Amino acid sequence: MATTDVGLHDAAGRAARVPVVNNMSIQVATVNGSGSQSSNTVLLRSIFQMGVPVSGKNLFPSNIAGLPTWYTIRANKDGYVARKKEIDFLIAMNVETARDDVMSLDPGAAVLYDEPLKLGSLRNDLTFYSVPYDKLVATVCPEAKLRKLVKNMIYVGVVAKLLDIEMGEIEKALRKQFAKKVKAANLNFAAAQAGFDYASSSLTKADPFRIERMNKNVGKIIMDGNSASALGCVFAGCTVLSWYPITPSSSLAESMIEYLKRFRIGPDGKATFAVVQAEDELAAIGMVIGAGWAGARAMTTTSGPGISLMSEFAGLSYYAEIPAVVWDIQRVGPSTGLPTRTSQADILSTAFLSHGDTKHIMLFPSSPHECFEMAMDAFNLAEKIQTIVFVMSDLDLGMNNWISDPFPYPEKPIERGKVLTKEDLDKFGSFSRYKDVDGDAIGYRTLPGTQHRAAAYFTRGSGHNAEAQYSERAEDYEGNMERLRRKFDHARSLVPAPVIETVLDAEIGIIGFGSTHWALTESRDQLRDEHKLTTDYLRIRAYPFANEISEFVRSHKRVYVVEQNRDAQMLALLRLDLDGELVPKLRSVARLDGLPLDARSVTDEIAAMEGK
Amino acid sequence: MATTPSTPKTNRLGLAVLDYRGSKTTLCAGCGHNAISERIIDAMFEMGVQPERVAKLSGIGCSSKSPAYFMSRAHSFNSVHGRMPSVATGAVLANRSLMALGVSGDGDTASIGIGQFIHLMRRNLPIIYIIEDNGVYGLTKGQFSATADLGSTLKSGIANELPPIDTCELAISLGATFVGRSFSGDKKQLHSMLKAAIAHKGTVLLDVISPCVTFNDHEGSTKSYEYALDHEEPL
C-alpha cells in the first residue's frame with residue numbers, strides 16, 4: 001500500500017523538508033501509443049493556466065507503438081524552460097523501464113507508480129506513491145476497450161492532488177484538449193477526478209514539491225515551433241508547398257495545410273494555394289524551384305536525409321539564382337541516425353550543400369516566435385537575393401511545446417525583390433538577367449508569362465553570361481562566380497542580426513544559436529551564481545555572419561561556442577569566416593546526446609574549462 | 001486583300017513563324033531533335049499559341065538543350081538531370097495560366113528520371129512531355145539508355161542485354177490522358193500529334209523516336225533512321 005510506503009519515508013524524516021514551490025521537473029515514463037500524450041498536455045496546460053512558466057519535452061522512439069517514451073514537464077518560477085537533467089517527480093507507467101527510471105533518480109525525488117510494479121522497496125531515499133490504476137479505471141470506465149486510453153488520465157488527477165494543481169484548471173485544460181468530443185472529455189475528467197479522490201483519501205503527501213498560482217503567463221500562448229513556422233509561412237505569402245513526409249518535419253507541412261485551408265480560400269471557394277505531397281525530397285525541392293522560378297513563394301520542409309537528397313537542386317538554385325525556402329527540422333544523423341532525437345548537426349553540410357563553390361543563407365530560429373518571424377525573413381531574403389534560404393530549426397524547437405508571446409501581425413509589406421513587369425520592359429526595352437546593374441551583385445529577373453516580347457530569358461544550371469546565354473568562356477564563368485560571392489557578402493547586412501546580451505566587464509563570451517538559447521540563458525545565470533563567472537552572450541541568427549559576430553569575438557578573451565553536434569560545426573564555420581588572429585579565442589562546447597540541451601551540462605563544462 | 005507577296009503568313013495572333021523561332025542549333029547536323037524543334041515551331045505557330053504564355057522546361061542531355069532552338073520568346077528552364085517533371089510541376093502550380101512544354105530524352109526520362117516521370121503521369125497537370133528518344137546517351141558519347149531494345153547494338157558492336165522500358169505503355173498504365181508515339185522523320189504525323197497535344201487539357205506524353213546520327217544510326221540499332229522508316233506504321 002502506498003500509505004505504508006509513505007509511512008516508511010516519514011520515519012526517515014523526509015517529510016520535514018522545505019517545500020519546493022514552482023521549481024520541478026516531472027517525468028512521465030510510458031510506452032508510445034498508449035495515449036499518454038493527451039494526459040501530459042493536460043498537465044502542462046494546467047500548470048500554464050496557473051501562471052507558472054512551464055515547458056514540455058517529448059523524448060520518443062522512432063516507432064508507432066510499444067517502445068519506451070518519456071515526457072518531461074518542467075515548471076520553473078524563474079522562467080527557465082530548457083530541459084532539466086534531474087527529475088524530481090517520476091510517473092512510472094512503463095513496466096519495461098520502471099526499474100531503471102527509479103534507479104537513475106537523485107535522492108529526494110518522488111515516484112508515482114502503478115501498484116503491480118511494486119517499486120516501493122527499490123530505494124529508501126525516495127518518496128513512493130502507489131496507485132491501483134486498473135481498479136480505479138474499472139470504476140469510471142465500464143467499457144473495457146477504452147480503459148487503456150483513459151488509464152493515463154488517472155495520474156493527472158493524482159498528480160493534481162499531490163502537487164496542488166487546481167482541478168478547475170485540469171478540467172479547463174482537459175476540455176480544451178478534447179474540444180468538441182464532449183463524451184470523451186467527460187469520461188477522461190471522471191478518470192482524473194477518480195485519481196484525485198484516490199490521492200485525497202489514500203495517499204499522504206510526503207515530498208516537498210508544489211505548484212502555486214503565479215502571474216507569469218499573462219497574454220502568453222503555448223505552441224510548438226513547427227506550427228509557428230507553418231503559420232509564419234502562410235503569413236509570408238507562401239502559396240506553393242511541396243513536401244515529403246519525414247520526422248520531425250511532417251507536422252510543419254501538416255499544420256500548414258490546415259492553416260492554408262482555413263485562411264487561403266478565395267471568394268470563389270477555390271484554394272489560392274497548391275500543396276503536393278511529392279514522391280521524394282528531390283521532387284519536393286524541384287517543385288519549389290519550379291514554382292519560385294515562375295514567381296510563387298514556394299517552400300518545402302524536411303530533415304537531414306532530405307537535405308542530403310536536395311543537394312543537386314540546392315546548387316541549381318544558387319547558380320541559376322532562383323528563390324526557394326527550405327525548412328530543415330534537424331534530427332540526429334548521420335544516415336537514418338536517431339530520427340526522433342534532436343541535434344544541430346546539419347550546419348556545415350547545409351552551408352555548402354551541393355558540388356562546386358556554393359554557399360547558402362541559413363537562418364536559426366530559437367523560439368516559436370522566431371519561427372514565425374523568420375518565415376517572413378526567409379521568403380523576403382530568398383526573393384531579394386534570388387537564392388535558396390534554409391531555416392535551421394530542430395526537433396526540440398519544432399515538435400515540443402513552448403511558452404511564447406503571441407505573434408505580431410506583420411507590419412511591413414512582403415519584399416518581392418527585383419522583378420521586372422511588362423510596364424518596366426515597356427520602359428527599358430530589354431534587360432540582362434545576370435548583370436549587376438545596381439552594384440549589389442543582384443540582377444533583375446522576369447517571370448514566365450510576362451506579356452512582353454523581351455521578357456523571356458533562358459535559365460540554366462550550366463555556364464552562362466550576363467545575358468543568360470550558354471557560355472563556357474573563362475571570363476564569363478569567373479565574373480559570374482565573383483558576382484555570386486559579392487552577392488553572398490552583401491547578404492550579411494540583410495540577414496537577421498545577432499542578438500547580443502552584455503554585462504559589465506565580462507571577459508568571456510558565449511556564442512549559441514537555435515533552440516539551445518534557453519539552456520544557455522540558464523547556464524549563464526548558473527555560471528554567475530555558482531562560479532562568479534560573468535559572461536556576455538551572442539546568439540547567431542543567420543549565416544552569412546553579420547559583422548557584429550567578429551566584433552564580439554574580438555572584444556572577449558575567450559569565446560565558448562555551444563552547439564549540439566560532434567564536430568563543432570558552427571565553430572568550424574566561424575573559423576572559416578573570422579580573421580585568423582581571432583580563431584584561437586574560440587573554445588568548443590559540443591554535445592551530441594540527442595536530448596534537448598540542459599543548462600547543467602554547459603555550466604559544468606565551461607566552469608571546468610575556466611578552471612573553476 | 002492588298003498584300004504584297006513578301007508579307008509573311010501570320011496566325012490568329014498576327015504573329016509570323018519567325019516569332020516562334022529560337023537560337024541556332026548546336027546539335028549534330030541530321031539529329032532527329034532538330035526536326036522535332038521545327039515541328040514544335042510549326043505547331044505552336046499554327047495553333048496560335050502566345051509564345052509568352054509558354055514555359056519550356058528540360059532536364060539534361062542533347063534533347064534537353066533543344067528548348068534553346070525554338071520559341072525564344074518563351075521563358076525556358078534547362079534544369080537538372082531527370083528532374084524536369086518536378087520543376088515543370090512547380091511552375092504550373094505557381095502560374096496556372098502557363099502552358100508547360102517539357103523536353104526530355106530517353107536517358108533523362110527512362111533511366112535517371114523514371115521516378116519523376118511516373119509521378120508526373122499520375123497527376124495529369126497541363127504539361128506536354130516530349131521524349132526525344134534515340135536509345136542512347138549522346139552527350140556522354142553513346143552508352144545505352146533504358147529505352148534501347150534488347151539485342152540492339154552500340155556502334156562498337158556490344159549488344160544490349162536488358163529489355164527496354166516502354167514509356168508509352170507505362171504512361172497508359174498510370175492513367176495518362178494523352179499518349180502518343182511518333183518519329184522525327186515523319187513530318188506530317190508528328191505535326192498533327194503536336195497540334196493535338198497543344199489542344200489537350202492535361203498531361204501529354206509524346207515519345208518521339210529521334211535518331212542520333214552520331215552514336216546510334218548504324219546497322220544493329222533499332223533507333224536508326226533506316227530502322228524507323230522500315231518499321232514505322234503510321235496510324
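Pro544 of chain A sits in the loop that runs between β22 (542-543) and α19 (547-554) of chain A. This is a predicted model, so please take what I say as a reading of a prediction. The peptide bond that joins Tyr543(A) and Pro544(A) is cis, with omega about 5°. A cis peptide bond also joins Thr247(A) and Pro248(A), where omega is about 5°. Pro248(A) is in the loop between β10 and α9 (250-263) of chain A.

While we are on the backbone, there is Gln386(A). Gln386(A) is not a glycine, yet its phi is positive, at about 55°. Its place is the loop between α14 and β16 (388-394) of chain A.

Now the domains. The assignment for chain A lists domain 1 (2-210), domain 2 (225-404), domain 3 (422-491) and domain 4 (499-609). Between the C-alpha centres of domain 3 and domain 4 of chain A the distance is 40 Å.

Next, two helix pairs in chain A. Helix α18 (residues 517-531) and helix α21 (residues 599-609) of chain A have axes that come within 8 Å and cross at roughly 50°. The two, α18(A) and α21(A), are therefore oblique to each other, and their crossing is right-handed. On the α18(A) side the contact includes Leu520(A), Ser523(A) and Leu527(A), and on the α21(A) side it includes Val602(A) and Ile606(A). Sorted by class, the contact of α18(A) with α21(A) has 7 nonpolar, 4 polar and 1 charged residues.

The other pair is helix α8 (residues 225-235) and helix α14 (residues 368-385) of chain A, with axes 7 Å apart and a packing angle of about 25°. What does that angle make of α8(A) and α14(A)? They are therefore roughly parallel to each other. The crossing of α8(A) past α14(A) is right-handed. Among the residues that meet are Ala228(A), Leu231(A) and Phe235(A) from α8(A), and Cys371(A), Phe372(A) and Met374(A) from α14(A).

On to the two chains together. How many residues of chain A are in contact with chain B? There are 36 from chain A, in contact with 28 residues of chain B. Five elements of chain A each supply at least two residues of the side that touches chain B: β10 (240-243), β11 (274-277), α10 (281-293), α12 (311-320) and β18 (458-460). Of these, α10(A) gives the most, with 9 residues. The side of chain A that touches chain B has 21 nonpolar, 10 polar and 5 charged residues.

Over 3 bridges, β18(A) pairs in the parallel sense with strand β2 (residues 75-78) of chain B. Within that pairing, Phe458(A) stands opposite Ser76(B) in β2(B).

The pair belongs to an open sheet of 7 strands, with parallel pairing, in the order β18(A)-β2(B)-β1(B)-β3(B)-β4(B)-β8(B)-β7(B). Which strands stand at the edges? They are β18 of chain A and β7 (179-183) of chain B; each has a single partner strand, so one side of each is left without a neighbour in the sheet. From one strand to the next, the twist averages 15°.

Further along the sheet, strand β4 (residues 127-133) and strand β8 (residues 204-209) of chain B pair in the parallel sense over 6 bridges. There, Asp133(B) has Ile209(B) in β8(B) as its bridge partner.

That is my last slide.

Notes: Residues numbered from 1 in each chain as written. Chains lettered and ligands numbered in written order. Predicted model: local features only at pLDDT ≥ 70, side-chain atom pairs only at ≥ 80, totals over all residues. Contact = placed C-beta atoms within 7 Å. Helix = DSSP H or I, 4+ residues; strand = E, 2+ residues; numbered from the N terminus. Nonpolar A, V, L, I, M, F, W, Y, C, P; charged D, E, K, R; others polar. Pairing = 2+ DSSP bridges. Domains from an automatic or database assignment. Axes fitted to C-alpha atoms, helices over the stretch in contact; angles between N-to-C directions. Parallel < 35°, antiparallel > 145°, perpendicular 65-115°, else oblique. Left-handed = near helix turned anticlockwise from the far one by under 90°.
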